[in-house]
Amino acid sequence: MFFQTNITFYLAIFLFSAVVAVNGQTASNPNDEYLETVWTTEQGLPQNSVNAIIQSRDGYLWLGTFGGLARFDGIKFTTYNSGNTPGLKNNRILSLFEARDGTIWIGTQSGEVMTFKDGIGKTYTTADGLVNGFVWAIGEDSDGTVWVGNDFGISRFENGHFKTFTKDDGLPNGQTWVINHNAENQLQIAIGPNIVNFADEKLKIDSLAPIGNPNFRDFLNQPQQATDWINSIKQQTIYRKANPSLQRSPVSSLNQAIWFMEDSVGAFWAGYLWKTGMYRFEDGKILDYPTKFSSRTMIEDREHNYWVGLNGGGLMRLRRRALKTLTTENGLPNDYVGTVVDDGTGGVWIGTSEGLVHWQDGQKIRTYTTKDGLIANPVKALCLDRNGGLWIGSGPAGLTYFKDGKFKIINQEGLIIGETTALLEDKDGNIWIGTEYGLHILGDGGKQTFQKKDGLVNEAVRMLKQTSDGAIWIGTTNGLSRWKDGVFTNFTTEQGLSNDYVRDLFEDADSGLWLATYGGGLNYLKDNKITSITSRNGLFDDFLSRLLPDDDGNFWLLSNRGIFKTDRNELKDFVEGKTKSVSQISFGVADGMKSSEGAGGIQPAGWRTKDGKFWFPTIKGLVIVDPKSSNAAFAPPVVIEQIMVDRTVTPWQEKIEIYPGQENIEIAYTGLSLSRPEQIRFQYKMENLNDDWINAGTRRTAYYSYIPPGEYIFKVKANNDGIWSEETTLKIIVKPPFYRTWWFYVLTILTIVLIIFGLVRLRFIQLKRRNDAQEEFSRRLINAHEAERNRIAAELHDSIGQSLAMIKNSAIFAVHSVKDLDGAKEQFEEITNESAHAISEVREIAYNLRPYLLDRLGLTKAVNAMLNKIADKLPLRIISSIDDIDGLFENEAEISIYRIIQESLSNIIKHAEATQIKMVIEQNETQVLIKVEDNGKGFDVKAKSENKTQGGFGLMGISERVRMLNGTISIESKIGTGTTTKIELWKKQSK
């Protein structure tokens, strides 16, 4: 039955696929070679019919569905469709192709061709030169020109437009399945049952009729093999010269397959749209691979995983198993396996809860129970001695020895056996027996028993190991003991152990000891110093039961959460303080284990056989791990997928700029490994902010709540199976606010300089004005002094001098007229009067120079005397209220206060034309207030203060004296309303 070539048939097929029921993930395939994982719409796939799959150069998986284009990094799907991506107008995708420039070309069911790059889409239609029809194929020629093929022809993309070739140009009828170029760089196209070579605008057709419509998608991608495959398909056989393992073998209905693929190991795969399942041809055998859904396409990624696009069933990954689990299905008497040990001949002994199993060459040889001579069926511990004998600890019953097919029950007199949990043959051939009740030794020297009273740290023994120095190490549920030279040395949490329950020990080449604890992770003991490595430092699990090395420098560990491997060098770097965390690859149920929980607490809980494989006991079977068959280590490239600033998606190219007011930054990144994406671990840092790497674990987002202004480099890298990827970088420029920009700093500095210059200038002006005022004051003071001298000289000349001249003349006249007694008497009276007047003048002058009343009576009475004198001489009404202020000021200050009052009164008398003066002197706890009021004609205070040259010496002298006394003065006056002078002086006790 051949595949029909008309569009109606294919349309019916697509309509069929649209209504196939989707029941979520498919069950695991019973074929043990591969592990199946299925993703559907429940996990984010836009639609469950996957028609096309490619892996782009950066490592993403791209999927064409009837619900749009999806990008997959192994963890999450990102969907691009007509609803969220401008430029993409059709969601029913049939084909995908990545061009050399990284553009994703998309073929649709309705005939449009779309492109997608850097989040930007574009759609081409018949208006751009295309013809209608299902777009089955997109490819490139040797020059990188893109070609598109559909039901009715092929189109070449040039200068933004398509040139189409159809049957009118000589093409055969039929769907275009594959477009590529062959070894001679000729464009090679599979159209219907034909291979078309296109060169120099000429066609050469190689017909394969009546084979039908085979899909040469992968054959033509390998031009050197195409001829073999074409000839093979013509004869409906699988055969290729380049691969001798593919022998010629008839395959019925091969031409009805919807897709073919040859994988990297030479196996041949094919799938059908009209029936479920696939088949695989390898090593001359055809193997059916059943699936719940039919398939549309299949590719092999660069990590050798197979990806199958299912028809209505989603996306399926097939991954080669890294491990195999033996259970009751394989012949074990019970799924609970407690211990395993090499038998010395290529097989293993397996201890289960229901007997002892001998396994060799991939199959069970025999199971031994109490019927065969075992003391009890539960096997708790195993030890193969140097003579090939097997020591078996069986339940609480005791110890059994097996050799040459016979069992012997060990029941030494006086030996407390109990439940045996650990066995060891030391270098001298002694058998050490660890039990729940202590430690026992069987040897040529007899029997020995050690318990807690003998120095053993604890009697519940779980592990026995001998190190290169001959010491015996005993791990118990409550500490670790070292037996050497007849002495126990004990280690517990008090000595630095992270947990007292020690289940395994491994000695390094440098005699350092690695301790597997049950609850405290790994401990490293050397030179009595213990360093712990726990889940807080990145360790997969803290509950460990077994520790085994491989040939590549890794440790393989059995834990409660599964089996994991970790790099020993990385562990050593942590111990030495070179790193702050460790990484590992784990294996669990997703890798084929029936249960991830390891079985421990008895010895040995795991074994490495001579072929390098690891055998680990679990609560549901025995797990066999082949390190060499696990997926090869691959450093996953890291891609920054999205940047959000204040929860808003922000576009970027090689850098991003953050502006003032924006603070919260989220950087989403991913590691592109499709084998174990969930175990990829990341580190990132922001250079110039924090140069230390931040261990993000499996988290794929970096968060920064605030980054100071500046330029930074964000770096992120990924670790897969101990191999770090190259760093992916992003430049981040955080713009400062205007007040933190260089020009603002310059402007601010300039402003500060100008302000300082202005302040200095102002201060200079103030000092100049003060200096001018001081000079003016000094000038006026000198003038005043000079005027005072002139006045005194004039008074002495005019008054006292006149008086003395008159006295002199009167005396002379009296001498000449001595005979005239009456006249002489009159002259002497004149002399007396003039003498009295002269004396009064002298006293007045002296009083003006120094008020003697101040020295004799004090400041208060001197002021009162001044007021009384004015009242006696002038027609002025004097009102006074004067507190006693004697002794409140120093002598010099009292003189200044007296002169201030004197000058104030003098100004009123000389200028105010007042009829009343009111004088008030009050004191409080801290100050003395002097208030002088008059009802005279007043003056303009502002004009007087601004024009000091016209102010006379009086006001300036008063102000200067007040300033010298650290007091304050205020003058209130208006023309025609009188004047009030207020002076406040701080009290100061006399010295």
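## Salt bridge E687–K685

E687 has a relative accessible area of 21% and is partly exposed, because the buried class ends under 20%. Its partner in a salt bridge is K685, with 3.8 Å from N to O. K685, at 12% relative accessibility, counts as buried.

## Other salt bridges

The model is a predicted one, and the salt bridges in it number 30. One of them joins R366 to D372, where the closest N and O atoms lie 3.0 Å apart. R366 is partly exposed at 38% relative accessibility, and D372 is partly exposed at 29%.

Another joins K453 to D454, with 3.7 Å between the closest N and O atoms. Here K453 counts as exposed, at 68% relative accessibility, while D454 counts as partly exposed, at 36%. Salt bridges also link R71, D73, K76, E641 and R700 into a network.

## Helix α8

Helix α8 covers residues 891–912, 22 residues in total. From its first C-alpha to its last it reaches 30 Å, close to the expected 32 Å at 1.5 Å a residue. The residue that follows α8 is E913, which has a positive phi, near 55°.

## Confidence

The average pLDDT of the protein is 83, and 82% of the residues score at least 70. In residues 1–31 the pLDDT is below 50, and this stretch has 68 contacts in the model beyond near neighbours in sequence. Residues 234–250 also have a pLDDT below 50, with 52 contacts beyond near neighbours in sequence.

Note on methods:
Residues numbered from 1 in each chain as written. Predicted model: local features only at pLDDT ≥ 70, side-chain atom pairs only at ≥ 80, totals over all residues. Heavy atoms only, no water. pLDDT = per-residue confidence, 0-100. Contact = heavy atoms within 4.5 Å. Helix = DSSP H or I, 4+ residues; strand = E, 2+ residues; numbered from the N terminus. Expected span 1.5 Å × (residues − 1). Salt bridge = Lys/Arg side-chain N within 4 Å of Asp/Glu carboxyl O. Buried < 20%, exposed > 50% of the residue type's maximum accessible area, 1.4 Å probe, protein only.
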